[in-house]
Amino acid sequence: MRRIAPAVAVFFVWAAPAHAKPIVNVQASATLGAAPLAVTLTASGDAAAYHWDLGDGSVADGPVVQHQYGPGRFTVTVTATDAGGETARASVVITSAQLSLKGPKVGTYGRRSAFRGRMVPALKGTPITLYSGDSPVRTTKLDKRGRFAVRVRQSGPATYTARFETVPSNPVAVAVRPGLDVAVPHSGMLGRPLVVRAVLRPRSSGTLRVRVWRSGRELSAKDFGGRAVVHLSTKRIASYVVRITATPTGAFVGRQKTVRTNVFLPYLADGAHGPSVRILERRLAQLHYLLRGVDSFYSYDTADAVLAFQKVNGLARTGRVTPAVWRRLQSAHAPRPRYRYGHHIEVDKSKQVLFEVNHGRVVRVVHVSTGATGNTPVGLWHIYSKVPGTLPTGMFDSNFFLRGFAIHGYPSVPTYPASHGCVRTPIWAAPILFASSYYGEPIYIYY
């Protein structure tokens, strides 16, 4: 007989361990968006109660909470509590971004325009992309203060926005004026061609109108397409004002430029007077060569200023103006000092000129003559005595800087070293230098 074993049923019963924490999950309807950002927060699990720390100082209770965030980055924490008093926490980070953008109202074709902006919260290193319409143009990163800057070359009118992921900034609309290149010499010699040229970029962006005034009298205007060439008469001495106006087509905006030029005598010397001398003196004054004034008379002060200019620029030291001097005047810039701090005087023995310097900028250039034997002492000195008037030796308005060595006026100031060791300046220039100097003022003498 076959024995059958009795069936046995086994039941496994699970019971929650004592003091088990509740299960809690948190969801946010949005974790990133533009401020103010409305967010619905939902907690799920087996807890009996939910308490929210919303990260911005606000609190709430319940499984579902709605809250609006201002600009910033917030950590939201929900605390779940079960029937036995056990708690568990879950958190989520909400970024409510405020992105601002500033830029120019008008740009110039072919040139770069600067855009600057800021984002709150300041997330250093976060990439920010500048868009023109829907097209990305340039990407940069935030600094530690949440700022960013980017430069964009303008090719036409556009509306720009900055974006951090899906968060846009305010739009910035930039109109664009065409590029306008104008070429005209500062001045031209009598009887030589004098031409004004203007070009629009792009050529199709508009038309040009050119108005010309000769010695204050307006001549007939001329109209052109995207390129203009105007020949100015040089039959007589004159001052020209030329105004080029661009009338735009399409979405470009208008612009204009005004330039000035002169027609002068090619050769000038002592005794000359009139408009050509005035043009010369104005240009020398712009470059800080010392003159008694712009008076249209080629006198001793004009000749001394021309000598100083010729010395600085390596031209023949004649004190007279030639076409070579005019050409150099057109491209010259004010001399640069060797030393840039404070108010001081520099004497360049190799060029035989004196510079009065104020905080890195040459404010006066004077023709001088130093020691004939090279004995004017090189180095840094200081004015220790100031003697006004004329001394028995003929020295005038003297600034002594070492024993008997001084910077002073003298009747004879050749173009070469000729003194006994002092620094000679023209008599007329001495009172000006004397008045602007002071006890203890540094004097640098060098080759």
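**Exercise 1. Identify the residues that lie nearest the centre of the largest pocket, and describe its lining.**

Solution. Step 1: In this predicted model, 15 residues line the largest pocket, and His186, Asn262, Ile279, Arg282 and Gln286 are those nearest its centre.

Step 1: The space within the largest pocket is about 400 Å³. Two or more lining residues come from each of β24 (238-248), β25 (255-264), α1 (275-286) and α3 (323-331).

Step 2: The greatest contribution is that of α1, with 4 residues.

Step 3: By class, the lining of the largest pocket comprises 5 nonpolar, 7 polar and 3 charged residues.

**Exercise 2. Classify the aromatic pair formed by tyrosine 384 and phenylalanine 400, and locate both residues in the chain.**

Solution. Step 1: The whole structure contains 8 aromatic pairs.

Step 1: Pairing requires centres within 6.5 Å, and planes under 30 degrees apart count as stacked, over 60 as edge-to-face and the rest as tilted.

Step 2: Tyrosine 384 belongs to the loop between β29 (379-382) and β30 (385-390), whereas phenylalanine 400 lies in strand β31 (residues 396-402); the two are 16 residues apart, and the pair links distant parts of the chain.

Step 3: Tyrosine 384 has 43% relative accessibility and so counts as partly exposed. Phenylalanine 400 is buried, because its relative accessible area is 12%, under the 20% cut-off.

**Exercise 3. Which residues form an aromatic cluster, and over which rings do the charged ends of arginine 163 and lysine 386 sit?**

Solution. Step 1: Tyr339, Tyr444 and Tyr446 make up one aromatic cluster.

Step 1: The charged end of arginine 163 is placed over the ring of tyrosine 131, at 4.0 Å from the ring centre.

Step 2: For lysine 386, the charged end sits over the ring of phenylalanine 434, at 3.9 Å from the ring centre.

**Exercise 4. Determine how the buried residues of α3 are arranged about its axis.**

Solution. Step 1: Pro323, Val325, Trp326 and Leu329 are the buried residues of α3.

Step 1: Viewed down the axis of α3, these buried residues fall within an arc of 160°, so they line one face of the helix.

Step 2: Arg327 and Ser331 are exposed on the other side of α3.

Step 3: As a general rule, an α-helix has 3.6 residues a turn, so residues three or four places apart point the same way.

How values were computed: Residues are numbered from 1 along each chain as its sequence is written. This is a predicted model: local features need pLDDT of at least 70, side-chain atom pairs count only at pLDDT 80 or more; totals for chains, interfaces and linings use all residues. Side-chain values use heavy atoms; hydrogens and water are left out. On a 1 Å grid over the protein atoms alone, a cavity is a set of points where a 1.4 Å probe fits but cannot get out, and a pocket is an open set with protein on both sides within 12 Å along at least five of seven lines; lining residues have an atom within 4 Å of a point. Grid points are joined across faces, edges and corners, and a volume is the space filled by probe spheres set on the points. Ala, Val, Leu, Ile, Met, Phe, Trp, Tyr, Cys and Pro count as nonpolar, Asp, Glu, Lys and Arg as charged, and the others, Gly among them, as polar. Rings of Phe, Tyr and Trp (its six-membered ring) pair if their centres lie within 6.5 Å; planes under 30 degrees apart count as stacked, over 60 as edge-to-face and the rest as tilted. Buried means under 20% relative accessible area, exposed over 50%, partly exposed in between (1.4 Å probe, protein chains only). A charge sits over a ring if NZ of Lys or CZ of Arg is within 6 Å of the ring centre and within 35 degrees of the ring normal. The arc is that of the directions from the helix axis to the C-beta atoms.
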